[in-house]
Amino acid sequence: MGRRILNDALRTMVNADRRGKATALLQPISGVMVSFLNIMKHRGYIKNFEVIDPHRVGRINVELHGRIKDCKALTYRQDVRAKEIEQYRIRMLPTRQWGYVVVTTPNGVLDHEEAIRQNVGGQVLGYFH
């Protein structure tokens, strides 16, 4: 169940975005999910998000932008080296123009561009475009 929390939250966001809703309520939450949403916010795929009551079960209210085409988390976390990130991105994302692969590294949760810039590898959490 622990690894499905991120996948269920991302699928909830995609479904709400496809229906044209302005917000999505994600529940339960995790620290990895907050890091994933920070990357999505930084890259302009969501407007903002607010963590409500993080000490208990918690909820996250996400304001959607309408830019999410697909967003998936991997239930199996693949190890990837810094040199292999570019090949993995080409295989998973549809084009070079948009989309990001999210990687958890010793430096924190990063997108593929930042991981390549810092020359660190790690485990692939998922991707969005």
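# Close-up views of a predicted chain

**View 1. The whole chain.** The secondary structure comes to four helices and eight strands. Helices (H or I, at least four residues) and strands (E, at least two) are DSSP runs, numbered from the N terminus. Along the sequence, the pattern reads α-β-α-β-β-β-β-α-β-β-α-β. The chain's radius of gyration is 14 Å, close to the 14 Å that the globule rule gives for 129 residues, so the chain is as compact as a globular protein of that length. This radius is taken over C-alpha atoms, and the rule is 2.2 Å times the number of residues to the power 0.38. The C-alpha trace spans about 40 × 30 × 25 Å along its principal axes.

This is a predicted model: local features need pLDDT of at least 70, side-chain atom pairs count only at pLDDT 80 or more, and totals for chains, interfaces and linings use all residues. Residues are numbered from 1 along each chain as its sequence is written, and side-chain values use heavy atoms, with hydrogens and water left out.

View 2. An open sheet of three strands has the order 1-3-2, with antiparallel pairing. Strand 1 (23-26) and strand 2 stand at the edges, each with a single partner strand, so one side of each lacks a neighbour in the sheet. From one strand to the next, the twist averages 15°. Helix 1 (residues 4-18) packs on the sheet and touches strand 1, strand 2 and strand 3. The direction of helix 1 makes about 160° with that of strand 1. Helix 2 (residues 31-42) also packs on the sheet, touching strand 1, strand 2 and strand 3. The direction of helix 2 makes about 155° with that of strand 2. Contact means heavy atoms within 4.5 Å. Axes are lines fitted to C-alpha atoms, for helices over the stretch in contact, and angles run from 0 to 180 degrees between N-to-C directions.

View 3. Strand 2 (residues 46-52) and strand 3 (residues 59-64) pair in the antiparallel sense over six bridges. Two strands pair if DSSP finds at least two bridges between them. Ile52 stands opposite Arg59, and Val51 stands opposite Ile60. Six residues lie between the strands of this hairpin, where Asp53 takes a positive phi near 55°.

View 4. In helix 3 (residues 85-92), the buried residues are Ile85, Tyr88 and Arg89. They cover an arc of only 100° around the axis, which puts them on the same side of helix 3. The arc is that of the directions from the helix axis to the C-beta atoms. The buried residues of helix 3 pack against strand 5 (79-80), strand 6 (100-105), helix 4 (112-118) and strand 8 (122-128). On the other side, Gln87 and Arg91 are exposed. Buried means under 20% relative accessible area, exposed over 50%, partly exposed in between (1.4 Å probe, protein chains only).

**View 5. Backbone details in two loops.** Most residues other than glycine have a negative phi, and most peptide bonds are trans. Pro28 is found in the loop between strand 1 and helix 2. The peptide bond from Gln27 to Pro28 is cis, with omega near -5°. Asn119 is found in the loop between helix 4 and strand 8. Asn119 is not a glycine, yet has a positive phi of about 55°. Asn119 is exposed, with a relative accessible area of 57%.
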